[in-house]
Amino acid sequence: EVQLVESGGGLVQAGGSLRLSCAASGFTFDVYAIAWFRQAPGKEREEVSCISTDGTTRYQYSVKGRFTVSSDNAKNTVYLQMNSLKPEDTAVYYCAAVEGYVCPQPMYDYWGQGTQVTVSS
């Protein structure tokens, strides 16, 4: 019954923008921190951003200033706005949830299925 569903991925040219969505259901959304991860072929999964229950956001250095994470508690949805996209941003993007007020956290309880983002040069 617990689900995280990502959407919004696709193909975009370098310099373009995409907005990813993570729709959550089956748990108490307002006590969970939500993180965005990405994984490119042959590389380790990398946490790129997270949002805590108090609205505090954190970003990996490589995306800071280009990506923005936000939440809409009424819709149980977290967004990742990605601007100035680069080919090295190409990856499968996942959202993950963990009970706790501050992120990042060492472990995440729930994961989505992922959405593909491809940035062409």
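Before we start: buried means under 20% relative accessible area, exposed means over 50%, and partly exposed is in between (1.4 Å probe, protein chains only). This is a predicted model, so local features need pLDDT of at least 70 and side-chain atom pairs count only at pLDDT 80 or more, while totals for chains, interfaces and linings use all residues. Residues are numbered from 1 along each chain as its sequence is written, and side-chain values use heavy atoms, with hydrogens and water left out.

**Exercise 1. Work out which salt bridges D89 takes part in, and whether D89 is buried or exposed.**

Step 1. Start with R38, which pairs with D89 at 2.9 Å between the closest N and O atoms. That joins distant parts of the chain, with R38 in strand β4 and D89 in the loop between β8 and β9, 51 residues apart. Strands here are DSSP runs (E, at least two residues), numbered from the N terminus.

Step 2. Now take R66, whose side chain meets that of D89 in a salt bridge (2.8 Å, N to O). R66 sits in the loop between β6 (57-59) and β7, 23 residues from D89.

Step 3. D89 counts as buried because its relative accessibility is 1%. R66, at 11%, is buried too.

**Exercise 2. Describe the largest nonpolar core and say which residues have the most contacts inside it.**

Step 1. A nonpolar core is a set of buried Ala, Val, Leu, Ile, Met, Phe, Trp, Tyr and Cys residues joined through side-chain atoms within 4.5 Å.

Step 2. The largest one has 27 residues, and W36, V78, L80, M82 and Y93 have the most contacts inside it. Strands giving two or more residues to this core include β4 (32-39), β8 (77-82) and β9 (91-99).

Step 3. Zoom in on Y93: leaving aside neighbours within four places in sequence, its contacts (heavy atoms within 4.5 Å) include R38, L80 and M82.

Definitions and conventions
Helix = DSSP H or I, 4+ residues; strand = E, 2+ residues; numbered from the N terminus. Salt bridge = Lys/Arg side-chain N within 4 Å of Asp/Glu carboxyl O.
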